[in-house]
Amino acid sequence: MKKIALLAFALAFILNAANAQNALAIPDTISGNIINLQIQNGTRQFYNGAATQTMGINGNMLAPTIILYKHQNVTMHVTNNLNDTTTIHWHGMHVAPQNDGGPHITILPGKTWSPSMEVIDHASTHWYHPHLHMKTYDHVQKGIAGFIIVRDSDEAAINLPRTYGIDDFPLAIQTKGIDANNQIVTMHTVLDTALMVNGTLKPVLSAPAQMVRFRVLNGSPERVYNLGFTSNKTFYQIGSDGGLLSAPVALTRLLLAPGERAEILVNLADVVGGSLQLINYGTEIPSARYGAAQPGMGAGQVIPNYALNPLNGANFTILEIKITAQTSNAVTTVPSSLITHNPWIATSAQTTRSFVFTSMGMGQASINGPFVINGSHFDMSMVNFQVPFNNIEIWELRNQTPIAHPFHIHNVQFYILDINGAAPPLNMRGRKDVVLVPGGNSTVRFITKFEDFHNDTLPYMYHCHMISHEDDGMMGQFVVKSPCYLISAPPSNQSALPGANVQFSVAVSDTNGTSYQWQSNVGFGFQDLQNVAQYAGVNTKTLLISAVNSANNNQQFRCKVANQTCEVTSDMAVLQVGVNGIANANQNIQVQVFPNPAKDLLFVQLFSSVRTKYVLHNLMGEVVQEGQLPQGQNSIDISLLKTGIYHVLLWQNEQIMQAKFVKE
């Protein structure tokens, strides 16, 4: 096996070295309130000989850049055209757990996942990629990854380059192992010798002689980069994972770990007609980081075949930049300030949590893992802890292994308090969702607040963003506890033909002194509805929309419910209007199901003996089972369902019925 691996490496490296320069691919953009994403297989001709099998979204490899705006309401229709289950995680975005796309939110082959969300992130650069447990490495390396750019009014008021593909460029830096048959190695390999930017080998970019913005993503599975330009040219970091910094930070080197993003400005005006290289200064990467000459703390800590990879501990060009004429309305200066940050102070934290990284390997072999957090491998069925809603917390990360780990948390952005007791450098004082924790018993502390979203059953993840470590179980999960349990049943999605009346209802556990306020995305962000025009009952538990029309299609509704001690907002429900709707959706009635809870068979109350179509949804709105009951039969086999809460929808003679049940 070792000889085969070395042969594959040698062939791939020779082919790569002989490859001519290629124009850097700039991903297409996609925007709007409805985003359609098709996950698919593809091919790409990287080398002579066999084409490389790839995966992508809306194309053969990688994915379009999604452009979003703060307070925009968006629905992502994600269709899985693979022959394998996958997920899509919106890395860095602050969304509800049912929209987060972690390993619990799977998309089966041939199915579509349609999360709807309000964008509440600041202007920032995020990315999206699969997150299926034990398959993340496979799917990301094959090519499923794309940028998300969020814009807001604060960023728009600053004189910055922002013309996509002209003076504002996304750069996804990735390395992949390529075998002797030109195929991407989807098992963990240290021979990741194929360096790509935006899926392009040996890329070259034409950029104007002015201030240019690069949105840099380290999308590699394990490799840390030490970025800089030819001749130590100064550049300016203006943003980190979660958005803009307080002010630009002048740098000649930028250490970027897997999963991290950085927005930088570089002035190309002084090299018009010439060229500049973006370089990885790997000879300067400190030991105990993947990508350095020495990946562990000492010479005895060796990763097998690591020394055979010529990228490790080496300086090499990532991107060739050829400078062309300046554009009209060019940005030529660096702003003196950016945005205001108000990080939480350590004394405001209600809780401090400790996370200790250790290796299951012993002695010198501990550098090869497998690695765990707080002594536990990831278990899909175990929630590691519960976070109270609106809690401000300090998380202390202690790395007792001999190699650095990039730690990523879902849901929130954080501020780094200190690294080994010292304040973080200026370029790490903005919002972050990934931090590289050095090896050798180093400690990083950050502070964050768990606000806006809560769910007592659906978890968020935290994990190492070295994808092989994550897939091997260096991951945990937490839930953000609901502040109260006032809502017992949220409104359900509805469908209707134009002209129909539709109603949304919310059920509460305590009606004493309870108030209701229905909201919808009638403007930019959710707005309180008033008792005018189409809407009635906006301050009751049931909202009535009369004579729906095409303008109501994909409109989202939610209800804010409060009493003297509690206030909570329901999950969103979506109204679909059109020929695929149901003409009498307003007559949607509850049907009796029994037993409830049910174990193997669920019996439903039917009103006629005609054949009945049924669909089972889980709480995330995913279809988990569907079919037709034979004429006169009233039982559904649910023996293969996981334990949890489900909705059943039944169609009889153009009438839709629904019920909620618990699977034991």
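Mentor: Before we start, residues are numbered from 1 along each chain as its sequence is written. The model is predicted, so local features need pLDDT of at least 70, side-chain atom pairs count only at pLDDT 80 or more, and totals for chains, interfaces and linings use all residues.

Trainee: What is the average pLDDT of the protein?

Mentor: The average is 91, where pLDDT is the predictor's confidence in each residue, from 0 to 100. A score of at least 70 is reached by 92% of the residues. Over residues 1-18, however, the pLDDT is below 50, and it stays under 50 over residues 580-589.

Trainee: How many contacts does the model have for residues 580-589 beyond four places in sequence?

Mentor: There are 29, a contact being heavy atoms within 4.5 Å.

Trainee: Why does the radius of gyration agree with a compact globule?

Mentor: Because the globule rule, 2.2 Å times the number of residues to the power 0.38, gives a value near 26 Å for 664 residues, and the protein has 26 Å. The radius is taken over C-alpha atoms.

Trainee: What share of the residues is called buried?

Mentor: Of the 664 residues, 57% are buried. That means under 20% relative accessible area, with exposed over 50% and partly exposed in between (1.4 Å probe, protein chains only).

Trainee: And how many helices and strands are there?

Mentor: Four helices and 52 strands, counted as DSSP runs numbered from the N terminus (helices H or I, at least four residues; strands E, at least two).

Note on methods: Side-chain values use heavy atoms; hydrogens and water are left out.
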